[in-house]
Amino acid sequence: MNVITCEGLKKNQRKVRALSDLSFTIKENTITGLIGRNGAGKTTLLKILAGFWRESSGEVKVFNQHPFNNLYVSANTIYVDDQMSFPASLTLTEILQEAEVFYENWNGKLAKRLFDYFSFHPEQQHENLSKGKKSTFNMIVGLASRCALTIYDEPTTGMDAAVRKDFYRALLRDYLEYPRTIIISSHHLDEVEDLLEDVLLLQDGSKCLHLPIDELKDYAVGLTGRTEMVRQWIANKEVFHTNNIGAGTTYAVVKKEGIPLDNARQLGMETTSVTSSDICVYLTDQTKGGIDDVFK
Amino acid sequence: MSLNNVRLQKVVKKQSVYKVKANLSMYSSLIVIQLLALLFSLGGTGTMGTSSVGYNGITIRLFSADIVIVFTMIWGFITAIMLTTKAYKEDEFIFVTNRLTSNLSNIIFLFVASIFSGITAVLSGYLLKVIMFSFFNYEFLHAGTSSEFGIFISGLLTTILYVFMFSSFGYLIGTVVQLSKMFIIIVPVVIIGGVYLLSRINQDVILDIGSFYFLESNFFIALTKIILTAGICFLAAIFISNRLEVRK
Amino acid sequence: MTSISVLPIILLLVFIGVLFLFSKFIERINNRGKNVKRMLLSYVMILVLATAVYFLLPLDKSIVSDESIDPDTAPSLFHHLNLETLDEVDSSLIRKSWEFDINSDKLQVHFTENDWGSNVPIYLDQVEDLDEKVEAIFYQSPTFVEGVNVADFTALPDIDFSSNTLRIREPAYEDLEFITFKTEFPVRQFTGEKLIEEGFFHGDELIYIRVPEGIDLDIDEEINFVD
């Protein structure tokens with residue numbers, strides 16, 4: 001069953017096109033990573049899915065319903081980001097109690113344990129928390145609500161490395177115990193890679209890739225060799241990235257599918273695997289070349 | 001994965017309870033505003049005087065909680081506007097909601113706030129009178145017409161509904177402003193311009209509008225006028241806000 | 001004219017704006033649920049207490065509305081003065097009367113104003129029915145406001161007699177302040193009460209001096225003769 005279906009989704013924000021012609025589906029009980037650079041449209045997409053924003057055109061369905069202004073979708077969805085604001089008159093404990101009232105599947109025990117584990121003070125106010133602590137608290141709300149569709153938009157903003165690790169671990173364990181559809185947006189894929197089943201890569205508001213993570217890991221291959229040879233060899237192949245790495249030596253990343261790797265090796269080129277995170281970076285490079293070109 | 005079906009009524013109920021707790025800080029401004037109004041009332045709500053009765057001049061100060069009630073109505077107006085602002089909308093769109101439930105629970109919240117603030121406004125009249133009687137050494141004329149309980153209740157209900165009606169004005173204006181920030185300028189201009197134009201046709205237009213509500217001496221007609229006005233404003237607000245995006 | 005009707009609206013809008021920022025500020029500095037709850041509880045307790053105290057106040061023992069004299073038909077003292085029928089007016093209109101024995105055929109009447117200026121006219125009448133006596137009567141008809149005769153609270157002139165001289169001294173001018181409680185406007189609209197009722201129903205007052213006929217008078221010029 002598909003939890004999310006998008007067909008030709010478009011969203012204009014004050015004349016700027018935030019999403020253009022986006023089509024994809026997300027299956028039930030999967031963890032999908034929404035990857036893209038800043039401004040790729042990740043947040044816009046997620047807010048449309050959560051029913052906060054209205055699409056400009058195209059079709060979007062969550063649980064087979066149009067999400068905007070939809071109570072059913074809202075009841076089964078939680079959207080967690082670092083902008084979450086809670087009423088100042090409620091203490092952290094009271095916020096968790098209120099959340100329990102609203103979310104039918106709320107796991108109070110888990111919330112309490114995480115709350116204690118991350119040593120929150122029950123009487124504290126949300127707005128007085130540090131950035132990382134806020135994100136951690138929001139993450140607890142997201143986990144404990146056990147919504148059929150749980151959306152994390154840059155959930156680890158401000159968290160230190162240890163807390164991040166804890167968070168991903170907690171997310172995975174709770175997911176195994178209570179499967180649901182989770183979308184995590186992030187710009188560092190390497191951090192969430194182990195968690196994900198699928199990756200949806202956005203570039204400039206449109207879909208760049210939507211693949212299972214295993215296929216992504218095997219999607220491209222890196223070739224290093226003498227510049228002329230590499231240039232010639234990749235001439236009619238799908239090239240994601242080339243870079244001069246030294247005198248007369250070039251590194252190129254090409255789509256792995258249909259590449260005769262043995263052939264390449266025989267020609268004296270070195271083949272290396274490319275991490276999925278790097279693939280995403282190369283795929284969404286705005287310009288050919290990189291930051292170095294700016295200084296040329 | 002199990003999906004939860006929710007009923008509108010249930011969500012509205014949950015949200016209303018949530019808002020009463022979450023917007024508790026709004027009552028701190030109510031208390032301060034009512035105390036401020038009480039302070040203004042210590043000089044008397046009205047005075048009348050004459051310079052010569054025998055060898056004396058006579059000044060009579062009239063005390064009532066009128067100013068407190070007027071300030072409370074303004075508080076209702078302000079509170080309703082605040083509810084429509086981004087900060088408060090974000091607080092509520094954290095949890096299960098859509099615009100309809102959000103509007104309905106806001107209206108319920110405003111009604112609860114009107115009941116509370118209306119009662120405290122009327123009771124503050126007694127506080128004022130006790131203060132005047134106990135701490136000031138004026139000659140005491142009399143306690144006004146001691147109205148019967150039925151009249152007291154009608155007055156209390158009317159006070160509550162006045163606050164509610166003014167909160168409906170605020171809610172409508174606040175909602176319109178959410179459409180576009182331009183309305184922060186447009187709304188006062190329209191109000192002032194409207195009054196200006198209307199008063200060219202009929203000088204007493206403000207007085208006429210005021211007496212339509214405040215001089216209606218039939219309790220049930222007054223009730224109908226107030227509730228209808230509030231109802232129209234709230235309905236318009238619901239209609240407008242149904243297309244608003246949140247958590248920008 | 002029209003600008004006059006717009007001005008209050010502008011002032012009201014400015015006032016609302018100020019109050020808006022003010023309450024936003026209050027809500028920011030006092031946003032802890034616990035504090036607000038404590039504040040609310042004390043406020044409600046004070047109000048309930050005040051209400052209870054109000055109903056226990058000895059309000060009924062205070063001045064009771066006195067309307068035994070119908071203001072509409074109350075006689076004008078000057079009317080009676082002109083008709084020389086002052087002795088027929090209701091005795092309730094006599095605030096105070098003085099009576100002094102004289103054993104001389106000379107009488108001086110001396111008058112001292114207060115600094116406000118004379119408020120109560122003085123009339124002197126020579127009458128046949130007095131013998132070796134001089135009478136001063138302070139007539140005052142009621143001044144009603146809010147149904148209460150406030151004239152009862154006003155000061156009296158100081159009149160005494162010694163060595164053939166009747167001295168009338170006005171008391172110092174003083175503004176008497178009264179307070180009265182009104183119900184709130186949402187109640188008044190149903191009872192027909194007004195915050196400020198019609199105002200004062202003014203009575204009048206005069207000092208009437210009776211002296212025996214044929215006495216030798218030496219009086220201050222402020223004192224009028226009754227012909």
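1. Helices, here runs of at least four residues, and strands, runs of at least two, are DSSP assignments numbered from the N terminus. With that in mind, chain A of this predicted model has a secondary structure of 12 helices and 13 strands. Its C-alpha atoms, taken along the principal axes, fill a box of roughly 65 × 40 × 40 Å.

2. Part of chain A carries a label from a record: an unreviewed UniProt entry gives the annotation "domain: ABC transporter" to residues 4-229 of chain A. In the model, that span is 35% helix and 31% strand, and its end C-alpha atoms lie 45 Å apart.

3. The burial, contacts and surface of chain A can be read side by side. Of the 296 residues of chain A, 54% count as buried, and of the contacts in chain A with a separation of 6 or more, 66% come from residues 24 or more positions apart. Chain A exposes about 13,400 Å², and carbon and sulfur atoms supply 47% of that area. As for charge, chain A has 33 positive and 39 negative side chains, with the centres of the two sets 3 Å apart.

4. Chain B has nine helices and three strands, and the order of these elements from the N terminus on is α-α-β-β-α-α-α-β-α-α-α-α. The box filled by the C-alpha atoms of chain B, again along the principal axes, is roughly 90 × 45 × 30 Å.

5. Of the 248 residues of chain B, 56% count as buried, while 79% of the contacts in chain B between residues at least 6 apart in sequence join residues at least 24 apart. The accessible surface of chain B comes to about 10,200 Å², and 71% of that surface belongs to carbon and sulfur atoms. There are 17 positive and 10 negative side chains in chain B, and the centres of these two sets lie 16 Å apart.

6. For chain B, an unreviewed UniProt entry annotates several stretches as "transmembrane region", among them residues 62-83 and 219-240. How much of residues 62-83 of chain B is helix, and how much is strand? The model gives 82% helix and 9% strand over this stretch, with the end C-alpha atoms 36 Å apart. Residues 219-240 of chain B, by contrast, are 100% helix and 0% strand, and their end C-alpha atoms lie 32 Å apart.

7. One residue of chain B deserves a look of its own. F136(B) is found in the loop between helix 5 (99-135) and strand 3 (139-142) of chain B. The C-alpha atom of F136(B) is separated by 9.9 Å from that of L42(B), although the two residues are 94 residues apart along the chain.

8. In chain C, the confidence of the prediction should be read first. The mean pLDDT of chain C is 81, and 88% of its residues reach 70 or more. Among the elements of chain C, helix 2 (residues 33-56) has the highest mean pLDDT (91), whereas helix 3 (residues 77-83) has the lowest (78).

9. Is T165(C) buried or exposed? T165(C), which lies in strand 8 (residues 165-169) of chain C, is buried because its relative accessible area is 7%, and buried means under 20%. Leaving aside residues up to four places away in sequence, T165(C) touches Q108(C), H110(C) and D160(C).

Methods
Residues are numbered from 1 along each chain as its sequence is written. Chains are lettered from A and ligands numbered from 1 in the order in which they are written. This is a predicted model: local features need pLDDT of at least 70, side-chain atom pairs count only at pLDDT 80 or more; totals for chains, interfaces and linings use all residues. Side-chain values use heavy atoms; hydrogens and water are left out. Buried means under 20% relative accessible area, exposed over 50%, partly exposed in between (1.4 Å probe, protein chains only). Contact means heavy atoms within 4.5 Å. Accessible areas come from the Shrake-Rupley method with a 1.4 Å probe; for residues, only the protein chains shown count as cover. Lys and Arg count as positive and Asp and Glu as negative; His and the chain ends are not counted. The place of a charge is taken as NZ of Lys, CZ of Arg, CG of Asp or CD of Glu. UniProt positions are given in the numbering used here, feature names are shortened, and annotations may be inferred rather than shown by experiment. pLDDT is the predictor's confidence in each residue, from 0 to 100.
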